[in-house]
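Take a look at the structure, then read on.

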Amino acid sequence: MNFSAVIVAAGTGQRAGAGPAKQWRDLGGKPVLRWSAEALAKAGAHQIVVVIRPKDRALAEAALAGLEGCHFANGGVTRARSVASGLAALSPCDAVLIHDAARPFIPEGLIGRLLDALEGAHGAIPALPVSDTLKRQTPAGIQTTAREGLWLAQTPQAFRYQAITSAYADTSRASEVTTDDAAVVEALGGKVVIVQGDPVLMKLTYAEDFTIARALARP
Ligand code: CTP
Ligand code: MG
């Protein structure tokens, strides 16, 4: 199954505090964005569309220097709009991987497992079972929620080209608030399956997350 990738890197990283947005920060000698772009290129992505804010173009070109197959698209004000923009810039292919630039580490072998799972589904996503106890805070107090059957969704998420492009074709369907592409396919009745995720697929969200990522980036 041939595949292309969309990496969304048009966020402003508000929760990570002052300084450059997360995707442009250094991690073990190269920008955060480059880690996943290299992994996707190595796994055989035909095209890699990197969605950025137009003002970040020079940063993006420097971050991806020398990597084959990278193209740029302009991001939108929400993640969903950035994804839609990236999909619109792709040439048709069998499968599309959609990935957050803020998740630098894509483990070896994961992309192959996602593509295998896509043989019998419209979408395949890496996820981890919830291991902590879940609490819901309500005006009436705290309730404990059963964690059985609950998973934490990660990226890259793999989709059949037709399934994801038709899901995003109507941007009103791709809710402005969704942060998960599989949810857009599920909403259309598409079949999405879970593949075992990996803690190293952690998303850099807060400044403290860089401490763990720097340890993981050590050779
Ligand atoms: N993203 C994007 N376009 C947006 C918003 C987010 O391409 N309008 C991307 C981010 O660059 C990131 C990924 O989506 O790679 C996941 O989003 P998140 O971790 O929320 O990053 P930010 O939106 O940049 O951070 P924050 O929410 O803290 O501002
Ligand atoms: Mg965000």
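## The largest pocket

Helix 3 (residues 79–88) gives the largest share of the lining of the largest pocket, three residues. Helices here are DSSP runs of H or I with at least four residues, numbered from the N terminus. A pocket is an open set of points on a 1 Å grid over the protein atoms alone, where a 1.4 Å probe fits, with protein on both sides within 12 Å along at least five of seven lines; lining residues have an atom within 4 Å of a point.

This model is predicted: local features need pLDDT of at least 70, side-chain atom pairs count only at pLDDT 80 or more, and totals for chains, interfaces and linings use all residues. Residues are numbered from 1 along each chain as its sequence is written, ligands are numbered from 1 in the order in which they are written, and side-chain values use heavy atoms, without hydrogens and water.

## Who sits inside?

What takes up the space of the largest pocket? That space is taken by ligand 1 (more than half of a molecule's atoms must lie within 2 Å of the grid points).

Ligand 1 has an oxygen atom 3.2 Å from a backbone N or O atom of Thr 12, and Ala 101 also places a backbone N or O atom 3.2 Å from an oxygen atom of the ligand.

## A second pocket

The second largest pocket has a volume of about 320 Å³, the space filled by probe spheres set on the points, which are joined across faces, edges and corners. Among its 15 lining residues, Ala 39, Lys 42, Ile 106, Pro 107 and Glu 108 are the closest to its centre. Helix 1 provides the largest share of this lining, four residues.

Conventions
Polar contact = N/O pair within 3.5 Å; in protein donor to acceptor, adjacent residues only side chain to side chain. Helix = DSSP H or I, 4+ residues; strand = E, 2+ residues; numbered from the N terminus.
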